Amino acid sequence: YQERLEAAFRENLRRLGGQMIEKVRDRMAAEDDPAKLEEMFNAAWEEGLELPLSPDRQQSLRDLFEMNLERVRSRLLDDINRKLASTDSAPALDALWKKTRWNLQTESVYLGKDVVLRVAEQFDRRARELTRDNRPVL
């Protein structure tokens, strides 16, 4: 009897862990703010410690967080690239850089130094292109 009870308990924990992971997956997929993604991860992690989640489910939770953080990084870079491509003057580029730099500074802990450096290089490249394109022809 006790073995059946323990098996039912383990099955219930497995089911609850799966439901929790699915719920977190859906919520994270709808979020574009890295700080909120981290909040969701931390809350889910705490909930998972209470259940407790199996090591496989804990890894799935970490993977979900990293996958969604990478999605946010990718969207940010795509957005910046679109804006850079449509910027056609040095003053407009400077204004875009000021706004972008502020966002990068506030989210650098989530984006990573490599993303911040890549964006700065893209702005430098665009500035050179605009300078080259605006030189007077002699």
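1. Aromatic cluster. In this predicted model, a single aromatic cluster is formed by Phe41, Trp45 and Phe65. The structure contains three aromatic pairs.

2. Geometry of one pair. Phe41 and Trp45 make up an aromatic pair with 5.8 Å centre to centre and 35 degrees between the planes, an arrangement classed as tilted. The class follows because planes under 30 degrees apart count as stacked and those over 60 as edge-to-face, the rest being tilted.

3. Position in the helix. Both Phe41 and Trp45 belong to helix α2 (residues 34-50). Four residues separate Phe41 from Trp45, about one turn of the helix.

4. Accessibility of the two residues. Phe41 has 13% relative accessibility and therefore counts as buried. Trp45, at 22% relative accessibility, counts as partly exposed. The assignments differ because buried means under 20% relative accessible area.

5. Packing of α3 with α4. Helix α3 (residues 55-86) packs with helix α4 (residues 90-111) at an angle of about 170 degrees, and their axes are 12 Å apart. The two helices are therefore roughly antiparallel, since angles over 145 degrees fall in that class.

6. Composition of the α3 and α4 contact. From α3, the contact is made by Leu69, Arg73, Leu76, Ile80, Lys83 and Leu84. Helix α4 contributes Leu93, Leu96, Lys99, Thr100, Leu104, Tyr110 and Leu111. By class, nine residues of this contact are nonpolar, one is polar and three are charged.

Note on methods: Residues are numbered from 1 along each chain as its sequence is written. This is a predicted model: local features need pLDDT of at least 70, side-chain atom pairs count only at pLDDT 80 or more; totals for chains, interfaces and linings use all residues. Side-chain values use heavy atoms; hydrogens and water are left out. Axes are lines fitted to C-alpha atoms, for helices over the stretch in contact, and angles run from 0 to 180 degrees between N-to-C directions. Angles under 35 degrees count as roughly parallel, over 145 as roughly antiparallel, 65 to 115 as roughly perpendicular and the rest as oblique. Contact means heavy atoms within 4.5 Å. Ala, Val, Leu, Ile, Met, Phe, Trp, Tyr, Cys and Pro count as nonpolar, Asp, Glu, Lys and Arg as charged, and the others, Gly among them, as polar. Rings of Phe, Tyr and Trp (its six-membered ring) pair if their centres lie within 6.5 Å; planes under 30 degrees apart count as stacked, over 60 as edge-to-face and the rest as tilted. Buried means under 20% relative accessible area, exposed over 50%, partly exposed in between (1.4 Å probe, protein chains only).
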